Amino acid sequence: MKIAFVFNPFKYKLHEENLRIVQKYFGLFPPLSLAWAAAIAEKAGHTAEIIDARTLGLSMEETLERLREFKPDILGFMMTTYMFRETLEWIRFLKKHLKVPVVIGGYNLRVYPRESLSPPEIDFGVVEQAYFTLPALLSEIEGGRKFADVPGLVYKEDDRIIVTPHPQTIVFDDFPNPARHLLPNHLYAEFPTERKNFTVMVTSLGCPMNCTFCEAGQTIYNPRSPLTVVNEMQECYDRYGVREIDIFDYEFPMVRDRTLAICRELQRRNLDLTWACRSRIDTVDTELLEE
Ligand code: SF4
């Protein structure tokens, strides 16, 4: 099957004029979730395309032109809460012209799986990670259409919206590297350095800490191994000319030994990389920071 993922333009804040400066200088980040979904689809034998309309500055009409050339069998979108309304407008426009099914992913679906699928233009939702769900969904669209057998899926049957269970355990280390070969890597940039090329990575899922204000607290911590992490960095460096990486993990230095092993392997390979991560103040110390 041919699946096209579209990353549409959006504003971080719709109603707060004084935050335009944040919008302007926030940086231009690759749509990592879509790149992962594309890699998972490719690994399962499908053909994937990502149109980063936000970064390329494409209008809906220009995006439609590109999609008509690719001829997708299905369209994929990420519908994080702050993007939901704008993404829905794009889905409505593209679906009206292409008349193919639409699948969405994003955090919305974990909290509001049924509500997220209530717009008639949206056919399927991936509730958890795409690793098991997307290949099974594409296979059922091609063949049996037994969507009840697809794990972690939201779908519509008659007038009902159905959510299937996801009994499989996600092993993050098994994930393929994101399909950065489908992205315009030379266009991304981080504020304030703007060192090129720039990319983002996620090296662990979840966070076991318990900060009361945080939605990620006490979620299952699922790290990739130090070697997998550094191999992905090396791939970014060699294949995509990446020289700066922002690591988007909730709590990158959660496991001290893993963090030290990543730092030491990076030093051993002598990669000229600038990288940043997010951390609690009490999971780093002087020795770790100096490493
Ligand atoms: S350490 Fe960070 S990600 Fe984890 S619960 Fe606290 S604020 Fe959230």
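The protein splits into two domains, domain 1 (2–163) and domain 2 (189–290), with bounds that come from an automatic or database domain assignment. This is a predicted model, so local features need pLDDT of at least 70 and side-chain atom pairs count only at pLDDT 80 or more, while totals for chains, interfaces and linings use all residues. Residues are numbered from 1 along each chain as its sequence is written, and side-chain values use heavy atoms, with hydrogens and water left out.

How do the two domains meet? Their centres, taken over C-alpha atoms, are 26 Å apart. Ten residues of domain 1 are in contact with eleven residues of domain 2, where contact means heavy atoms within 4.5 Å. The size of an interface is often given as the accessible area lost when the parts come together. Here domain 1 and domain 2 bury about 880 Å² between them, and 67% of that is on carbon and sulfur atoms; the area is what the two parts lose on being put together, summed over both, with a 1.4 Å probe. Zero salt bridges turn up across this interface, a salt bridge being a side-chain nitrogen of Lys or Arg within 4 Å of a carboxyl oxygen of Asp or Glu. Two residue pairs, both at pLDDT 80 or more, are in polar contact between the domains. A polar contact is a pair of N or O atoms within 3.5 Å; within protein, one must be able to donate a hydrogen and the other to accept it, and residues adjacent in sequence count only if both atoms are side-chain atoms.

Next comes helix 8, residues 130–142. Helices (H or I, at least four residues) and strands (E, at least two) are DSSP runs, numbered from the N terminus. Helix 8 has 13 residues and reaches 17 Å from its first C-alpha to its last, close to the 18 Å expected, which is 1.5 Å times one less than its number of residues. Its buried residues include Tyr131, Leu134, Leu138 and Glu140. Buried means under 20% relative accessible area, exposed over 50%, and partly exposed in between (1.4 Å probe, protein chains only). Among the elements covering those buried residues are strand 1 (2–7), helix 2 (32–43) and strand 6 (153–157).

Glu121 sits in the loop between helix 7 (113–116) and strand 5. Is this residue buried or exposed? Glu121 counts as buried because its relative accessible area is 19%. Its side chain makes a polar contact with the side chain of Arg92 (3.2 Å). Setting aside residues up to four places away in sequence, Glu121 also touches Leu88, Ile91, Lys95 and Val102, among others.

As for salt bridges, the rule finds 15. Arg180, Arg224 and Glu232 are linked in a network of them. Within it, the side chains of Glu232 and Arg224 meet at 3.3 Å, N to O. Both partners are tucked away: Glu232 is buried at 0% relative accessible area, and Arg224 is buried at 1%. Arg256 and Glu287 form another bridge (2.7 Å, N to O). This pair links distant parts of the chain, with Arg256 in helix 10 (residues 256–269) and Glu287 in helix 11 (residues 286–290), 31 residues apart. Here Arg256 is partly exposed at 30%, and Glu287 is partly exposed at 46%.
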